[in-house]
Amino acid sequence: MENASVDVNQPHSMGTTIIGVTYNGGVVLAADSRTSTGMYVANRASDKITQLTDNVYVCRSGSAADSQIISDYVRYFLHQHTIQLGQPATVKVAANLARLLSYNNKDRLQTGLIVGGWDKYEGGKIYGIPLGGAVLEQPFTIGGSGSTYLYGFFDQAWKEGMTQEEAEKLVVTAVSLAIARDGASGGVVRTVTINKDGATRKFYPCDSLQLWHEELEPVNSLLDVMSASSPVPMVS
C-alpha cells in the first residue's frame, strides 16, 4: 500500500465558517481561523475578516487568493470613491462593488463573501455575496463549509431586535458549533462589531469556546493526554 502524501502545492482554501448578523444598532461579523491546503492545515490562526473602510468589513470564504484579491480591489475603489465624494462609502456601495467584481469574474473565482457595516443613511446592513456574484441583503447570513451545520441552529436561536451582547454571544456560539462539527473549520473565533461608534474587534481563543456533545477538553500536547489517562494495571 502506497504511503499517503500531502500535496502542499494545492490552492489554499478556507473551508470556513463565516457569519454576519444585524442587531438593534449595528452588525456583528464572525469567522473561524483555519486555512487549509487539501487535507493540510496551512494556517490555524488566519484572519478572515478584512477591513474595507472604517465602517465596512468583509468576511471571506472559498479560495484564499480569490477572496483576498477581491477585497484588495474593493478597498482601492472605495478609497477613490471616498475621495471623490468627500464622505465615507455606504455599506450598499461596498457590497455592490464586491458583487460586480465577483460576477464579472465568476468563471475564474471561487469565493463567497459577507459584507457588513454601518452608515448614517441605513444603519447596520449585512449583504451576502455567494459564488456567482449575486448580492442578497439579509438580517443575518452564514457561509462557508461550516454553514451546513448552522441553518437549524439559526432557525431556533435568531430573533429580531437583539442587543449587541446577544448578537455577539450568538455568533461566537454558532462558530464554535461549526468548529465542533465541520472538519474544515477550526482554530480561534474572531469577531468585529460595527455601529455608530466605530468598529471593535474581539478574539476568542479555542480554550474559551463552548464544548459540544462528545468534544474533548483542549490540552497542550499528547503528553498531557497520556499522563492524564494512565492505564490501570490488570489484576490476575
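This is a predicted model: local features need pLDDT of at least 70, side-chain atom pairs count only at pLDDT 80 or more; totals for chains, interfaces and linings use all residues.
Local features require pLDDT of at least 70 and side-chain atom pairs pLDDT 80 or more, while totals for chains, interfaces and linings use all residues. Residues are numbered from 1 along each chain as its sequence is written, and side-chain values use heavy atoms, without hydrogens and water.

UniProt, in an unreviewed entry, places the feature "active site" at Thr16. UniProt positions follow the numbering used here, feature names are shortened, and annotations may be inferred rather than shown by experiment. Thr16 occupies the loop between strand S1 (13-14) and strand S2 (18-23). Helices (H or I, at least four residues) and strands (E, at least two) are DSSP runs, numbered from the N terminus. Thr16 is buried, at 0% relative accessibility. Buried denotes under 20% relative accessible area, exposed over 50%, and partly exposed the range in between (1.4 Å probe, protein chains only). Contacts are heavy atoms within 4.5 Å. Neighbours within four places in sequence aside, Thr16 contacts Asp32, Lys48, Arg60, Ser61, Gly143, Gly144, Ser145, Gly146, Asp182, Ala184 and Ser185.

In soluble globular proteins, nonpolar side chains tend to be buried together. A nonpolar core is here a set of buried Ala, Val, Leu, Ile, Met, Phe, Trp, Tyr and Cys residues joined through side-chain atoms within 4.5 Å. The largest such core has 23 residues. Ile19, Val21, Leu150, Phe154, Trp158, Met162 and Val171 touch the most other members. At least two residues each come from S2, strand S3 (26-31), strand S11 (140-143), helix H3 (151-157) and helix H4 (164-181). H4 gives the largest share, nine residues. A second, separate core comprises 18 residues, among them Leu101, Leu109, Leu113 and Ile129. Val21 touches Gly26, Val27, Val28, Ile126, Pro139, Phe140, Phe154, Trp158, Met162, Ala167 and Val171, residues up to four places away in sequence not being counted.

Aromatic pairs were assigned to rings of Phe, Tyr and Trp (its six-membered ring) with centres within 6.5 Å; planes under 30 degrees apart count as stacked, over 60 as edge-to-face and the rest as tilted. The count is five pairs. Phe153 and Phe154 are edge-to-face, because their ring centres lie 5.8 Å apart with planes at 90 degrees. Phe153 is buried at 18% relative accessibility. Phe154 is buried at 1%. Phe140, Phe153, Phe154 and Trp158 make up one aromatic cluster. Elsewhere, the charged end of Lys106 sits over the ring of Tyr103, 3.9 Å from its centre. This assignment requires NZ of Lys or CZ of Arg within 6 Å of the ring centre and within 35 degrees of the ring normal.

Eight salt bridges are present. The criterion is a side-chain nitrogen of Lys or Arg within 4 Å of a carboxyl oxygen of Asp or Glu. Arg201 bridges to Asp47, with the closest N and O atoms 2.9 Å apart. This pair links distant parts of the chain, 154 residues apart: Arg201 is in strand S13 (residues 198-204), and Asp47 is in the loop between strand S5 (40-43) and strand S6 (49-51). Arg201 is partly exposed, at 38%, as is Asp47, at 33%. Lys92 and Glu122 form a salt bridge at 3.8 Å, N to O. Lys92 lies in helix H2 (residues 91-104) and Glu122 in the loop between strand S8 (111-119) and strand S9 (123-129), so parts 30 residues apart in sequence are tied together. Lys92 is partly exposed, at 38%. Glu122 is partly exposed, at 36%. Asp197 pairs with Lys196, the closest N and O atoms being 3.4 Å apart. Asp197 is exposed, at 66%, and Lys196 is exposed, at 62%.
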